[in-house]
Structures are given as structure tokens and as C-alpha cells.
Amino acid sequence: MRSRIVGYIASVFYPFCLVFGLYVVTHGHLTPGGGFQGGAVMATAVALMIVSGMFTVAVREKKVVRYKWCEALGLLLFVALAFGGMLQGGSFFHNWLANAGGCFGEAVAAGPNGGALNTGGTIPLMNLAVGVEVFGGISIILVTMVRAMKENRDG
Amino acid sequence: MKTLLNIFALSVLGAAMLGVAFRLPYGEPEQTHMDDYFLLNAQRDTGANNVVTSIVFDYRGFDTLGEATVLFVAVVGISLILRRTHEGEEAADEE
Amino acid sequence: MNAGWVLLHGALLLGMVLTAASILWIRNLVAGAIALAVFSLMMALEFYLLQAPDVAIAEAGIGAGLTTAIFIVAIMATRSGKTPNPGAPEDEGTPE
């Protein structure tokens, strides 16, 4: 099941998968996609490395700790952005950055248009938070399963 | 006799499901007032061009919070069940 | 909807039914997981044809990518575990 050719081709495709997932995450408020989908695409890169037998690269202990930080910080950023609406005098999940003129605060033209990246208020930041969280979470699930399998096999 | 009964039950079940399925409008959802509100006001309210994302992350943010919480709980459960047991044996006994 | 669209939808739905039947029919577990990935890919294409690209991306990423990987890891784990964890039951004689 473990072939060197498949492993090398998977390691070539690994950064492209990550970059495509990051594109889906960051353009979530303009094009179809969003945090959950982009995070799943990024986690597919880790799954590709694991399935192709290159999982010694991805299963190192430092990387697992890094995925755990990704997961926790993503969820914290998401909840903090939601609470930021309450601090600004609105409700929970109030979009307090939209149309404010600052970061991600440009007003968008009505009707169908291409859009600009600097719009959307808290939506791009929430996309990024959820994307990082989903990436970390699914990677932890996969890596933990593979590590438990290897430990069980080694005895 | 039993196969006949099975065939009869399967055909009745299949006919019922197909009868319901052919009555549904396929690929042409009905227009409602919520659709019109979101399509007309989402760009002005949230500043995002993708109306689906503006619903998921702004109008219906609680859904996304629950989704993220479900994923977090799944990760916590899996890392509890499949945690490293070789070095952790002594630590578990000391407690 | 003209005839071409109906034909495309019908072909996709028929392919989905055939793939779902083949998942049950195939005896090889890895081949069954691959058939499940093909089923998810067809479902993503159907979602895209029904003008839901968000759901299509989620289905293609999770259904065709992650579920297949998790199934393959589980199949590998259960095959390697035919001799269940040698040495572990003898260490701890007492339950609790």
C-alpha cells in the first residue's frame, strides 16, 4: 500500500491543497465557499499526506501541538468576534465592522458585481477563524487515529 | 409465499416513495419572503457579496457557533479516547 | 428545463444509485471506500448542477476527501489489529 511514487506526488500536491484551501477561506465573502469548506479542503491536504504513507512527516509531536493551538485559537477568535458586537452596543453576532470604513469596512455596491476583498466587516475574520479551527480539528482527528493505530501495531 | 409477501411489501414501499418524490418540485425552490429579504438587504447590511456566507456568519451566526462547538467536542472526545497510553499509565494510576 | 438537463440529471442520479448499490456489493473494503468517494463526487456534481456551489465544495472536500481517508485509516487499523494488543491484558490483571 505504501509506494514511493505516490508519496512524492502527494508531497508535491500538499502545498497546492493548502493554498487552495486558504484561497477558499479568504475569499469566502466573495465567492462560493467559506470557513468550513476551506478548512475541510486544507485538512484534505493532511489526509492526502497520511493516506499516501508520508505520515511520518505529519505525525510529529510538534505538529500535533500546533494543530491543537490552531483549533483552540480559532474557536476563541470566533467567540471573541461574536462578543465584540455586544461591546459595540449591538447584539451577539452583530456585524460591528461592516460599513465602518476601517478594516474590512468598505461599503459594497448594490447588485451583482465582482466585489472587493476589503469588504464584509467581521465576516472575513470569522471565516478565517472557523477555517483555522476546522483545519486544526480535522487534522487532530486524523493524526490521533493514525498515531493510535501505529502504537497498537508496534505493541 | 414469503418471497411473494416481500416483493409485495417492497413494491408498495417503492411506489409510495416514488409517488412522493415525483410530486416534489425538483430544482426549482419556491419563493418566500425570507428569500426576498435576504437577497435585497444582505449586501447593504453586511457588506459581503456572497449572500450564503452572510447568512451563515451574520444572520444565523448561532448555527455556526453550534457547528464549531460540535467539532470541538468531537476533537476532545477523540483525543480522550485515543490518548497515548504507554507513558500515561503511571500518571493515570497516581490520580 | 430542456431535455439535455433532464438527461444529465437522470444520468447522475442513476450513477449515484448504481454506485451506492456497488458499495454494498463489493467485497473488498478499500474498493468500497473508493466507491463511496465516487458516490460523494457525483453528489457534489449534482449539488453544483442544482446551483448550490457552497454545499458542493463541502461535499467534495468532506465526502470525497476526508471520509475516504478516515475509512482507509480505519481499514488499515483493523487489519493490523488481528492479534489484539499483545501484552496489554497481562499487565493489568485486575479490572478497575
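1. Buried means under 20% relative accessible area, exposed over 50%, and partly exposed in between, with a 1.4 Å probe and protein chains only. By that rule Asn49(B), at a relative accessible area of 13%, is buried. Asn49(B) sits in the loop between H2 and H3 of chain B, where helices (H or I, at least four residues) and strands (E, at least two) are DSSP runs numbered from the N terminus.

2. Basis of the note. This is a predicted model, in which local features need pLDDT of at least 70 and side-chain atom pairs count only at pLDDT 80 or more, while totals for chains, interfaces and linings use all residues. Residues are numbered from 1 along each chain as its sequence is written, chains are lettered from A and ligands numbered from 1 in the order in which they are written, and side-chain values use heavy atoms, with hydrogens and water left out.

3. Surroundings of Asn49(B). Contact is taken as heavy atoms within 4.5 Å. With neighbours within four places in sequence left aside, Asn49(B) is in contact with His29(A), Leu30(A), Val108(A), Asn113(A), Gly114(A) and Gly115(A), and also with Gln43(B). The side chains of Asn49(B) and Gln43(B) are joined by a polar contact of 2.8 Å. A polar contact is a pair of N or O atoms within 3.5 Å; within protein, one must be able to donate a hydrogen and the other to accept it, and residues adjacent in sequence count only if both atoms are side-chain atoms.

4. Extent of the B/A interface. On the chain B side 26 residues are in contact with 44 residues of chain A. The two chains bury about 2,800 Å² between them, and 63% of this is on carbon and sulfur atoms. Buried area here is the accessible area (1.4 Å probe) that two parts lose on being put together, summed over both. In chain B, the residues that lose the most area to chain A are Asn49(B), Phe57(B) and Arg84(B), together 22% of what that side buries.

5. Polar side of the B/A interface. Between chain B and chain A the count of salt bridges is 0, a salt bridge being a side-chain nitrogen of Lys or Arg within 4 Å of a carboxyl oxygen of Asp or Glu. Residue pairs in polar contact between these chains number 9, both residues at pLDDT 80 or more.

6. Make-up of the chain B side. Helix H2 (33-46), helix H3 (51-59) and helix H4 (61-81) of chain B are the elements that give two or more residues to the side touching chain A. H4(B) provides the largest share, 11 residues. By type, the residues of this side divide into 10 nonpolar, 11 polar and 5 charged. The classes are: Ala, Val, Leu, Ile, Met, Phe, Trp, Tyr, Cys and Pro nonpolar; Asp, Glu, Lys and Arg charged; the others, Gly among them, polar.

7. Aromatic pairs. Rings of Phe, Tyr and Trp (its six-membered ring) pair if their centres lie within 6.5 Å; planes under 30 degrees apart count as stacked, over 60 as edge-to-face and the rest as tilted. The count over all chains is 10 aromatic pairs. Phe78(A) and Phe57(B) have ring centres 6.5 Å apart and planes at 85 degrees, so this pair is edge-to-face. The pair crosses between chains, from helix H4 (residues 61-87) of chain A to helix H3 of chain B. Phe78(A) is buried at 1% relative accessibility, and Phe57(B) is buried at 5%.

8. A second cross-chain pair. The ring centres of Phe92(A) and Phe62(B) are 5.3 Å apart with planes at 45 degrees, so the pair is tilted. Phe92(A) lies in the loop between H4 and helix H5 (122-154) of chain A and Phe62(B) in helix H4 of chain B, so this pair too joins two chains. Phe92(A) is partly exposed at 21%, whereas Phe62(B) is exposed at 56%. Phe78(A), Phe83(A), Phe92(A), Phe93(A), Phe57(B) and Phe62(B) form one aromatic cluster.

9. Backbone points to check. Phe93(A), a member of that cluster, has a positive phi near 65 degrees and is not a glycine. Phe93(A) is in the loop between H4 and H5 of chain A and is buried at 5% relative accessibility. Gln51(C), also not a glycine, has a positive phi of about 65 degrees. Gln51(C) lies in the loop between helix H2 (29-49) and helix H3 (53-80) of chain C and is exposed at 71%.

10. Chain totals. Chain B has 5 helices and 0 strands, and 20% of its 95 residues are buried. Chain C has 4 helices and 0 strands, with 29% of its 96 residues buried. In chain C, residues 24 or more positions apart account for 50% of the contacts with a separation of 6 or more.
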